[in-house]
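Hello,

Here is the structure I promised to pass on. Have a look at it first, and my notes follow below.

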Amino acid sequence: MLAAIAGGLVFWEAQTTLLGMSRTRPRAEIEVVLPVFVQVALAGGDRYLAASWSSVRALVTETVRMAADEYRVLALVQRDVSWLNPAHEDNYYIATAILPWEGEVEPTQVILRRATLARPFDYQPPFYYAFNQMHFKGDALGASEWLRSAASKLADPDERLTLENFAARWLDKTQDLELAARIVDAMAAQAKRKDFAAYLRQRSQRLRDLAALRRAATLYQERYQRPPQSLDDLVRSGLIAQIPADPFGSGFALDQTGSPVLAGGVAGGGK
């Protein structure tokens, strides 16, 4: 009886002490990445089995507990899977859902490029690649190209048209507006629907008008050593005959640096 009581007291004291101690975070499932040849050897020489094992490892990882260095390891694990089996669907899904949001954009894009080549029937790898290029890297030109590639893989004409429309609209964000206009013209030439082709030609003309306004604003800056205060300054200076009409109604404006932009892209409405 005395031994039981003594043991209970020791247990209670130990529990009280442990409750007051800080606890380290349990290690995440992703800690190391094995060389590819080791992964294949452990799978009996079957690269596809090795890819599946690593993909399951990534799938069961509890990412909410992971640190930045562990996300880097997860990216390496998934990149290896894409080398062993680039057509592995679960791998590119998991990578897209997790990695770019944790700063691992480049490994994700490697995985998606490999999946695009290995799965020529699948629109999703180039679609996700396009999204990452636009959202994380600000590469509107590259994003538009990949989105057009994704659209070409869609069987439904309405879905294909939707992606092509976004691909054209993303080109508004590029710096090389003349190149963007030529790309949209090429899209119009290939369009099967006449109304969509006409719409694309309006977009390309809008890009050329914006490019002309920017050239005029640059000349104005050089001439007067200050940026224009309004688009009317460009007309009054004789650098343009008139402010072009926007076929989509939003018009043109100046940003805070005095550079012409599409009015819809100016915070607070612009000038």
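Helices α5 and α7 run roughly parallel to each other (an angle under 35 degrees), because they pack at about 15 degrees, with axes 11 Å apart. Their crossing is left-handed. On the α5 side the contact (heavy atoms within 4.5 Å) uses Tyr92, Tyr93 and Thr96, and on the α7 side Gln124, Pro125 and Tyr128. Four of these residues are nonpolar, two are polar and none is charged.

Please keep in mind that this is a predicted model, in which local features need pLDDT of at least 70 and side-chain atom pairs pLDDT 80 or more, while totals for chains, interfaces and linings use all residues. Numbering starts from 1 along each chain as its sequence is written, and side-chain values use heavy atoms, without hydrogens or water.

Now the aromatic rings. There are 11 aromatic pairs, counting ring centres within 6.5 Å. Trp101 sits in the loop between α5 and α6 and Phe131 in α7, so the pair ties together parts 30 residues apart in sequence.

Tyr129 and Trp146 have ring centres 3.9 Å apart and planes at 25 degrees, so they are stacked (under 30 degrees). This pair links α7 with α8, 17 residues apart, and both residues are buried (under 20% relative accessible area).

Best wishes

Technical notes:
Axes are lines fitted to C-alpha atoms, for helices over the stretch in contact, and angles run from 0 to 180 degrees between N-to-C directions. Helices (H or I, at least four residues) and strands (E, at least two) are DSSP runs, numbered from the N terminus. Angles under 35 degrees count as roughly parallel, over 145 as roughly antiparallel, 65 to 115 as roughly perpendicular and the rest as oblique. A crossing is left-handed if the near helix is turned anticlockwise from the far one by less than a right angle, and right-handed if clockwise. Ala, Val, Leu, Ile, Met, Phe, Trp, Tyr, Cys and Pro count as nonpolar, Asp, Glu, Lys and Arg as charged, and the others, Gly among them, as polar. Rings of Phe, Tyr and Trp (its six-membered ring) pair if their centres lie within 6.5 Å; planes under 30 degrees apart count as stacked, over 60 as edge-to-face and the rest as tilted. Buried means under 20% relative accessible area, exposed over 50%, partly exposed in between (1.4 Å probe, protein chains only).
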